[in-house]
Amino acid sequence: MQKHTDFAEFTEASPSAEITVARHGWRAKCLQRLIRLDLPVPRTVALPCETVRAIAAGQMPDTGRIAALFEGDFLVSVRSSPENPEWGGPGTVLNVGMNDAMHARLTASHGREAADALYLRFVQNYATHVARLDPDMFHDEPGPEALTRARAAYHAEMDEEFPQDPARQLAEVLRSMARAWEGTTARLLRQAKGAPAEAVLGLVVQEMALGIGPGFSGSGTIQFVDSVTGAAQVTGRFRGQSQGRKAAVETLYLTRDPRGASLEEAEPAVFQELAHYGAACRAKLREEMQLEFAVEGGKVSIIDAVRVVRSSRAAVKIAVALAEDGVIPREDALLRVEPRALSELLHYQVDPRAPRDRIASGIGASPGGATGKIVFSAAAAQASAARDEPCILVRRETVPEDIRGMHASVAVLTERGGVTSHAAVIARGLGLPCIVGCTDIQINPREREMRGPRGRIFREGEVITVDGSTGEVLVGAAEMLPPALDDGFRTLLRWADNVRDIGIRANADTPDDARTARDFDADGIGLCRTEHMFFDEDRLTVMREMIFADTPNDRRVALERLLPMQRADFIALFEIMAGHPVCIRLFDPPLHEFLPHDREGMRELAEALDRPLSEVTRRCEALSEFNPMLGMRGVRLGVTVPEIYDMQARAIFEAAIEAGRRGAPIEPEIMIPLVSASREVEIVKTRVDAVAAAVRNEMKAEFTYRLGVMVETPRAALRAGEIAEHAHFLSFGTNDLTQMTYGLSRDDAGRFMSVYVNNGVYAEDPFHILDVEGVGELLLIGAGRGRAARADVRISVCGEHGGNPESIAFCRAAGFDYVSCSPFRVPVARLAAAHFALLAPKRRGAL
């Protein structure tokens, strides 16, 4: 490589240290590697970022000296080379150096039509992108007089002939591209793609490979994997006699194809040469690359190479294939797949290649795509499911009574809510695509219609598609890609399990959830919310009878009817988990959530209970609360209405004995919700211990269990030392803990959270990414004080943050034992945990 202060020429002997991504950009470094692999890359010169910055400031390099490096005819392209290809950059300018003399030489060697097309294309690009003239004046297609008209238009606007000096042309192109990079619009665009404010640009000047001329000529791109599936497949394009010529232009398939002629058949030697270069790039660059090439008279030139653009499913397949072929180590394969990308593999996805008619967009709260008929109530969803018609539940926001409707739906769409709203949490647990906070729509459940932007109206029964990955609502049935839970997916996660050093459990409330958790190889169940089991039709009536009971004895009678139902639920969970730990949270929500909220529902309840409507109405009003989240719920119910927890503890213990007799021994974990004082734990523990003793005596069986606390209040975190004296484990429920720390409802935060984040009030939505400075400090305080009081206490997180990679990093660094998240986020969490184990191998010990 010949060295100059402001540019560098590539040669086969270029020492790799001379060209760096930080100074010269990704494209320059890649081209240097291609040259070192003996690929036929045209002569290339790289300008480092400091030279480009100087050009933007008006300090030009010696372009005549650059031109002199290209021996003979000077005809080059100029391409941008930022540090990261995702940041974009100014568009490529081709055929720099084209002038009357070059036009005459090309006319003699390639014909007048080809020479005119090349010259016209350069005049048009130079006029619009360098001289900044009106593009409408330079839009002519190639033709006999098009070149003459373009040059005349340039002369009329610039009061000078089109520049003939190649060095001047190059100088103006470099100046234009350097200044375009520094422009405000370009700066904002690349910062939106994650580029730092001080991101720099290199430029690459390369001898043109025209791809036209006598003999077999043309240009195209080729890659050896499919960008969507990752399967081994030759894809790309080839156009013979390109660069704008109309005559003798032929598009060929790359491989043999019954639909028409192919490059493989027309010129097998060229095809084999390209295949050889692709294999060399894969082996030496350790990546699947797309090659841009030109062919002149059967001679191949490699103009550029870029990493193959790939979908999430392709990224997994490619990484695993490279590792299995010995091209990269398994650790590299793990690090090449973004953990969040796995979410897209678990569900049907809207095909990104298909056309979209977008109605509205909101917050993609649960990934995947689904198509169905619009329904506006849980009852309508159940009726639709009974008819075997897929439906999408559309609500302003969901409430616990909607759970049956959500089970019956293929997707959920809500006008309100955020990423941890009721709809979002339940949908993620069920694996349903879900969009929340879709403020572009207005829902009128009474008229059974949904109104979108521009006056578009959609009524119940019309078909829409929900894309929970992008947050888009689409008209009609979109084309779908099936889930990609193939061998590559499972192989990657098996490798992840071999290196991760923090447990990953699942939040699972039903047998179906538990099966999903096992299918995704969760280490156990970290949170089973028992209240969701009571919303089934046959149980809801019994639950309401218990709520309306006048005496503790009447409550016990009603709860005895629920006992076998609960026991059957827990037996199913224990058997599915086959000896893996199961942590069951005792009843948490306020009782009024199980009661109807409208007059019609109260009338039906009065008939079912054989009570006067006035009595039912009074009881419902008496149980209603001004702020239910902070009212009679969680452990407060366990203290004031202890019969509920007694029944649940008995169901758990009897189920553990029965499941243990059928299979692996069970040690259930029982978690007390919403604790704020150690005395609450003492009271509940005393009753649970008494129930355990009674069950042991009645069933003549021995068992052990672990009692722990769900830390959801700031006071519980601060008094964790006292609480840990009565608990085997402390599991931080970060959903409610975040709400109480911020004094902010997660169901309402979506209305203004984007404004807060955009104004820098919060760096991120604290319900989406754990607030390590505030909530995180409470976690550290609680864990530290808990372990100081009881060294063997187990520490975990069971809120939705448990599936977030950034939150997993925090929990792992803090020495937590495990995190628990929705079943469909378990693969994401497993891979994220492996990433952190590889990138930050040392964990903090006990706090």
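## A buried threonine in a loop

Thr 713 sits in the loop that links strand S29 (706-711) to helix H26 (714-718). Helices here are DSSP runs of H or I with at least four residues and strands are E runs of at least two, numbered from the N terminus. This is a predicted model, in which local features need pLDDT of at least 70 and side-chain atom pairs count only at pLDDT 80 or more, while totals for chains, interfaces and linings use all residues. Residues are numbered from 1 along each chain as its sequence is written, and side-chain values use heavy atoms, with hydrogens and water left out.

With a relative accessibility of 5%, Thr 713 counts as buried (under 20% relative accessible area, with a 1.4 Å probe and protein chains only). Leaving aside residues up to four places away in sequence, Thr 713 touches Leu 674, Val 675, Ser 676, Leu 737 and Met 740; contact means heavy atoms within 4.5 Å.

## Helix H3 and its buried side

Let us turn to H3. Helix H3 (residues 49-56) has Cys 49, Thr 51, Val 52, Ile 55 and Ala 56 as its buried residues. They lie on the same side of H3, because the arc they cover around the axis is only 160 degrees, taken from the directions from the helix axis to the C-beta atoms.

Helix H1 (21-24), strand S3 (44-47), H8 and strand S6 (201-207) are what these buried residues of H3 pack against. Just after H3, Gly 58 adopts a positive phi of about 100 degrees.

## H6 and its two partners

Helix H6 (residues 112-130) packs with helix H8 (residues 166-182) at an angle of about 45 degrees, the axes being 10 Å apart. Axes are lines fitted to C-alpha atoms, for helices over the stretch in contact, and angles run from 0 to 180 degrees between N-to-C directions. H6 and H8 are therefore oblique to each other (angles under 35 degrees count as roughly parallel, over 145 as roughly antiparallel, 65 to 115 as roughly perpendicular and the rest as oblique). From H6, Phe 122, Tyr 126, His 129 and Val 130 meet Gln 169, Glu 172, Val 173 and Ser 176 of H8.

H6 also packs with helix H5 (residues 100-110), here at an angle of about 145 degrees and with axes 7 Å apart. On the H5 side the contact involves Asp 100, His 103, Leu 106, Thr 107 and His 110, and on the H6 side Arg 112, Ala 114, Ala 115, Asp 116, Leu 118 and Tyr 119.

Definitions and conventions:
Buried means under 20% relative accessible area, exposed over 50%, partly exposed in between (1.4 Å probe, protein chains only).
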